[in-house]
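Please open the model in your viewer and keep the sequence panel beside it.

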Amino acid sequence: MCSRAGMMSLRCLCRLVSRALPNISALSPSLLKALKADGDVHSLLMEETTIVGSESSELPVDILMDIFALLEIPDLVRAGSVCSSWHSAYAILRSSEMYRRPQTPCLFYTSESDGDNVACLYSLAEKRVYKLALPDTPIRRMHLIGSHNGWLVIGDEMSELHIINPITGERVALPSVATIEQVKPIFDNAGAVRKYKLSRYFGEGEMGSPSFYAPDSLRDHLYAKAFVFHDPATKSYIVALIHNPENQLSFTRVGDSEWTWLPPSGDYEDCIYIDGALYALRGTGAIDAFDLTGPNVSRKVVMDDMNHYVYERLYIVQTPSGDVLQVLREQNVAATDSQGEDVADISEMRTETRKITVYKVDMAAKEFVRINSLNEHVLFLGHNQSLCLAAEEFLHLKANHAYLTDNDGCIASFKSNCRNIGIFSLGNGSTKEIVPPQLWCSWPAPIWITPNLRKMSLD
């Protein structure tokens with residue numbers, strides 16, 4: 001490495017180490033020895049010119065890997081493009097699956113100023129936007145139905161479901177929509193699907209007459225929310241789907257040929273997956289557990305209804321320590337614009353979050369215990385897999401706050417409406433903007449995603 005290139009590389013390295021300082025205690029002893037000039041890592045940043053001028057300006061690959069393992073994905077990708085030795089460290093880190101740095105969730109959205117195959121990723125850690133080119137996925141024409149651990153669940157223009165990783169570009173097709181219990185295809189004379197019949201089948205009977213939809217419009221009426229869970233026991237991936245009629249549940253394993261219906265209940269709002277069981281939260285506050293480990297799925301009611309029917313949006317989330325929380329999000333529909341002027345067009349009405357209430361779920365005692373503060377924790381709520389993170393691990397996030405996107409039950413019916421996106425304080429109930437609303441399209445609705453460089457192993 002020439003001296004000029006070495007200087008540029010080490011200056012870049014200093015900036016990366018500076019950003020990783022909160023995690024510097026995780027460095028290996030050999031790396032600490034290499035970085036500490038006088039017992040303080042910060043001295044590396046202050047004495048940058050002196051270090052660059054030394055003869056050993058190129059760090060060994062193993063030390064670079066130790067540093068890169070502390071970086072979030074945007075910094076990691078940039079580091080891998082600096083020079084050949086840095087790229088080698090980056091490539092080895094990825095291929096060896098040694099890179100397990102927790103990632104700060106980002107806001108995933110599309111913009112009218114970009115093409116159909118371009119998505120935007122707003123980094124909360126850096127407060128900047130990245131553009132992602134998705135050559136095989138016209139993301140602006142897709143429905144974003146869910147996200148978890150770097151994966152998006154999308155509904156395409158024929159209402160078929162796929163999961164994609166927008167960081168790696170990997171895309172996997174899910175079983176056909178025609179295999180969902182309540183959906184039956186109707187073919188034309190050429191054998192192509194002309195429309196779909198969506199029955200009102202629920203439990204043991206019909207709840208009304210069926211509806212008929214063209215392939216490109218079925219997704220507006222069928223899909224509510226989807227989840228992607230990694231199952232360590234089987235090394236497979238499970239996709240759970242909340243769908244109409246009546247917000248019922250179906251699931252599939254990636255690689256299966258059809259969806260499996262989970263009768264007889266409905267009215268589900270959110271799901272989490274713990275040790276082989278799918279915990280599904282109902283609109284009444286009740287929680288059902290489905291054991292997915294055996295050939296036959298069993299259902300158990302683990303929490304009964306709350307004292308009254310809940311009209312708010314509900315979420316179920318697991319804390320870093322393993323506790324289960326139930327979150328109630330109360331919203332108002334504001335018939336005024338951002339300046340307080342009345343609006344006549346229903347598409348201009350805004351949904352606002354006015355209150356968030358959190359309960360700890362005590363499944364043994366079958367009790368909901370009210371929590372007045374999240375203390376040093378943070379929530380991410382919306383169409384994403386609901387998250388609870390420790391703020392001390394993500395210093396750019398605000399403790400005792402909820403980061404929100406829309407997931408109203410009628411969101412697909414009002415595609416041009418303003419979206420309820422912001423940072424909500426559980427302390428005083430105030431909401432702050434994340435990015436200016438004019439930057440993102442209201443449809444497909446923006447969603448939280450946690451970037452992930454790992455590819456899905458289907459072996």
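Which residue is the bridge partner of L198 in β12? Select L198 together with S211: S211 is that partner. Please bear in mind throughout that the model is predicted.

The three strands form an open sheet in the order β8-β9-β12, with antiparallel pairing. β8 (183-187) and β12 (211-213) are the edge strands, each of which pairs on one side only. From one strand to the next, the twist averages 30 degrees. As background, the strands of a sheet pair through backbone hydrogen bonds, in either a parallel or an antiparallel manner.

**Second stop: charged pairs**

Side chains of opposite charge can pair when their charged atoms come close. The count for this model comes to 14 salt bridges, and several may be visited in turn.

Select D114 and K131. Their side chains meet in a salt bridge, with 3.1 Å from N to O. D114 is in the loop between β1 (106-109) and β2 (118-123), while K131 is in strand β3 (residues 128-133); the pair links distant parts of the chain, 17 residues apart. Is D114 buried or exposed? D114 counts as buried because its relative accessibility is 16%, and the cut-off for buried is under 20%.

Next, select K360 and D323, whose side chains meet in a salt bridge at 3.8 Å, N to O. K360 lies in strand β23 (residues 350-362) and D323 in the loop between β21 (313-318) and β22 (324-334), so the pair ties together parts that are 37 residues apart in sequence. Both residues may be coloured as partly exposed: K360 has a relative accessible area of 34%, and D323 has one of 31%.

Then select E330 and R354. In this salt bridge the closest N and O atoms are 2.8 Å apart. The pair links strand β22, which holds E330, with strand β23, which holds R354, across 24 residues. E330 is buried, with a relative accessible area of 12%, whereas R354 is partly exposed at 47%.

Finally, select D75, R78 and E126, which are linked in a network of salt bridges.

**Third stop: empty space**

Rolling a probe the size of a water molecule over the atoms shows where empty space is left.

Begin with the largest pocket, which holds about 1,400 Å³ of space. To find it, select H148, N149, H230, L387 and N452, which lie nearest its centre among the 43 lining residues. Which strand gives the largest share of this lining? Strand β26 does, with four residues. β13 (223-231), β17 (268-274), β21 and β26 (387-390) each supply at least two residues. By class, the lining of the largest pocket has 21 nonpolar, twelve polar and ten charged residues.

How many cavities of 30 Å³ or more are there? The count comes to two. The largest cavity contains about 50 Å³ of space. Select S147, H148, N149, N384, Q385, L387, W448, I449 and T450 to display its lining. β4 (143-148) and β30 (447-449) each supply at least two residues of that lining. Three residues of the largest cavity's lining are nonpolar, six are polar and none is charged.

Definitions and conventions: Residues numbered from 1 in each chain as written. Predicted model: local features only at pLDDT ≥ 70, side-chain atom pairs only at ≥ 80, totals over all residues. Heavy atoms only, no water. 1 Å grid on protein atoms, 1.4 Å probe; cavity = no way out; pocket = protein on both sides within 12 Å on 5 of 7 lines; lining within 4 Å. Points joined across faces, edges and corners; volume = space filled by probe spheres on them. Nonpolar A, V, L, I, M, F, W, Y, C, P; charged D, E, K, R; others polar. Salt bridge = Lys/Arg side-chain N within 4 Å of Asp/Glu carboxyl O. Buried < 20%, exposed > 50% of the residue type's maximum accessible area, 1.4 Å probe, protein only. Pairing = 2+ DSSP bridges. Axes fitted to C-alpha atoms, helices over the stretch in contact; angles between N-to-C directions.
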